Amino acid sequence: MTTPVLEIRNLHARIEEREILKGVNLVIPPGEVHAIMGRNGSGKSTLSYVLAGREDYEVTEGEILLNGENILEMEPDERAAAGLFLAFQYPIEIPGVSTMTFLKAAMNAQRKARGESELSTPDFMRAVKEAGAQLKVDSDMLKRPLNVGFSGGEKKRAEIMQMALLKPSLAVLDETDSGLDIDALQVVSKGVNALRDGKRSMLVITHYQRLLNHIVPDVVHVFADGRIVESGDKDLALKLEAEGYANYGGEAA
Amino acid sequence: MADYDIPTLKEEIDRETVDQVLALDVDKYKYGFETLIESDVAPPGLNEDIVRLISAKKDEPEWMLEWRLEAFRRWQTMDEPTWAKVHYPKIDFQAISYYAAPKAFKGPKSLDEVDPELLKTYAKLGIPLKEQAILAGVEGAGEPTGTPFSGNVAVDAVFDSVSVVTTFRAELAKQGIIFCSISEAIREHPELVKQYLGSVVPVTDNYYATLNSAVFTDGSFVFIPKGVRCPMELSTYFRINEKNTGQFERTLIIAEDDTYVSYLEGCTAPTRDENQLHAAVVELVALDNAEIKYSTVQNWYPGDKDGKGGIYNFVTKRGDCRGTNSKISWTQVETGSAITWKYPSCILRGDGSRGEFYSIAISNGYQQVDSGTKMIHLGKNTSSRIISKGIAAGLSDNTYRGQVSAHARAKNARNFTQCDSLLIGDKCGAHTVPYIESRNGTAVFEHEATTSKISDDQLFYCQARGLNEEEAVALIVNGFVRDVLQHLPMEFMVETQKLISISLEGSVG
């Protein structure tokens, strides 16, 4: 059997004294796109931060295996170099650092961590040009400081562009549809779909079903009270859209 | 299809430099080595005899000795200033030696006569003193050495109290430019020195400037004659080597009508446990339509991680925009020294003159920085611009102190000031102390200030993209200082980005 790209076993995590993840189990084989849906406050975003290694969260139990390797002891940058990518719900502004400079810094940092040589400028430019065309990121945007004054759509396009350039084996998309109008949603989804290559796996975290019309998942999981409570195919998302999260305990959002 | 430029050279350098530097060993202060060379050192202590000794060592004319003695007498009546936000044990001025020179040194020579030990020192510092080779077109001689002092740059190399060599003099002389040590200028161009020395920073200006006037040893002298655009960057590289000595350099730059000169200054010192004093005076004079651009990368030894040792840097730098439409621009990058007390200023005397001050001051460990500028608007339609970026990490204190004033006659004076501070960690301090005074209803002064911290969100975001914590800090800080970096000569920009990374090593985590 092939090694899953992501395997989460009985994951418990808390922030300060509050337990937020209460035994998450999830297996994503290579090439599959899984969606996690749940109401606000169910712990979805916490899951994405814990995967990426944010310090504020303490893992109290369980394991996270990325391509068979336990990543819990790794720093966030080591996880990134190992092939994990998190597209942020709210991308962070880096004043004074042009998007272009940031992209090159990130790509070369990961290459260095993997013992690869630095990208040559022509290779870098070629890659940027290709990824940029797909996501409608023009040279003007690349010169602006990363995320500073970007519209919602620009921020998300810049995120997906980074994903395209960094070529992770697992992409975690945290509420990528938030703040997007329908046109921007299409551009972003197209960009994401172009990165589905049969090997790369994705975990799409969302509150609404509409994103899943564009990025069609292989499996849909329902997240409630810190764990996955039901899994199914893409029709499960439609059912949730129609019925809401009321059947999964707690109050309606 | 969008149109793509290749990334600007700056961005390229950005990355490459940061990467290269991050690849360096954690050898934090890489200029800390000592040159073992026999030196001629004056006994510690300060009295009239020492002042006479210095003057005699330099074969100075009588008038210069008198000038020094007058300064010394004046200094004895003065008190050390205490208004800066810096704390240090009282300096024992009698414990310092005021003159040190490599033995057998008889004034600057041609390159092939310079002690090979000294040439080695400068090679190690990355300062090429191989003018002949460059002039002769020897391949590789002008190649960048990864420091600002490479390629086609004329260098005056000052080692402890003396200038050991000045390169490209003959080349420059062809255009009437004088570039030599101040000691030589006193002997060979007394009329110019008499006219301008002390005319911008008077002998009695302040405690350290007066001390400097009494005991200054060497420094650079630049004279750009009317109508000449200096064809290359001029630079001075200061090196303190000897123990228990102070370095008191004096630099004088005169730009006559319709001239331009860009001048760079760099400095380093060996790692030592005791504190060493550096008290320099720099005077700039810009006549009608002249422009002087003065850039400094100050990297004196900052002391160790426990705050032991390091240079006390008490410096008076001032430019006089004496002519109409003259311009003086100071750009400084302050990363070294245990204590920095430094306010490069502009006197905007000529109508339509312009002063600029761009500063990056980084403090880490136990460093204390109190730095800023003064823009004194005297003439009509004068303008000034101040952009200061202070970065404090570790247990350091970083203060911007600036004065902007408009005289009653300074109609339509304009100033824009922007002071930004960035804090790394929660044990350092950043302070902004602006003094603004206008005696003139037509003056418009603007002041903006911000203080920010590198947020955990920013660090996490960069890390999630693969940068480790130190790379992330270096990138964020480089972004923070970007608008000042752009005013540095290209070679200095590279050096600065390296320094930023090195200075902030160990500031996180």
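**Charges over rings**

I started with B:Arg465, which lies over the face of B:Tyr461, at 4.8 Å from the ring centre. Keep in mind that this is a predicted model.

**Ring pairs**

I picked B:Trp75 and B:Phe93 to look at: their ring centres are 5.3 Å apart and their planes stand at 80 degrees, over the 60 needed, so I logged the pair as edge-to-face. Where do the two partners sit in the chain? B:Trp75 is in helix α3 (residues 62-76) of chain B, while B:Phe93 is in the loop between α3 and β2 (100-102) of chain B. They are 18 residues apart, so to speak a link between distant parts of the chain. Both B:Trp75 and B:Phe93 are buried.

**A buried glutamate**

Is B:Glu184 buried or exposed? I get 7% relative accessibility, under the 20% cut-off, so B:Glu184 counts as buried. I find B:Glu184 in helix α7 (residues 182-188) of chain B. I checked its side chain for partners too, and it makes a polar contact with the side chain of B:Arg169 at 2.9 Å.

**Nonpolar cores**

Which residues touch the most other members of the largest nonpolar core? I find A:Leu47 and B:Ile391, in a core of 117 residues. I listed the contacts of A:Leu47, leaving aside its neighbours within four places in sequence: A:Ile8, A:Leu11, A:Leu21, A:Val24, A:Ile36, A:Leu203 and A:Phe223. There is also a second, separate core of 53 residues, and I noted B:Trp67, B:Val86, B:Val200 and B:Tyr312 among them.

**Chain A in totals**

Last, I ran the overall numbers for chain A. I count nine helices and ten strands in its secondary structure. Chain A has 253 residues, and buried residues make up 56% of them. For contacts in chain A with a separation of 6 or more, residues 24 or more positions apart account for 70%. The accessible surface of chain A comes to about 10,600 Å², and 47% of that belongs to carbon and sulfur atoms.

Terms used:
Residues are numbered from 1 along each chain as its sequence is written. Chains are lettered from A and ligands numbered from 1 in the order in which they are written. Side-chain values use heavy atoms; hydrogens and water are left out. Rings of Phe, Tyr and Trp (its six-membered ring) pair if their centres lie within 6.5 Å; planes under 30 degrees apart count as stacked, over 60 as edge-to-face and the rest as tilted. Helices (H or I, at least four residues) and strands (E, at least two) are DSSP runs, numbered from the N terminus. Buried means under 20% relative accessible area, exposed over 50%, partly exposed in between (1.4 Å probe, protein chains only). A charge sits over a ring if NZ of Lys or CZ of Arg is within 6 Å of the ring centre and within 35 degrees of the ring normal. Contact means heavy atoms within 4.5 Å. Accessible areas come from the Shrake-Rupley method with a 1.4 Å probe; for residues, only the protein chains shown count as cover. A polar contact is a pair of N or O atoms within 3.5 Å; within protein, one must be able to donate a hydrogen and the other to accept it, and residues adjacent in sequence count only if both atoms are side-chain atoms. A nonpolar core is a set of buried Ala, Val, Leu, Ile, Met, Phe, Trp, Tyr and Cys residues joined through side-chain atoms within 4.5 Å.
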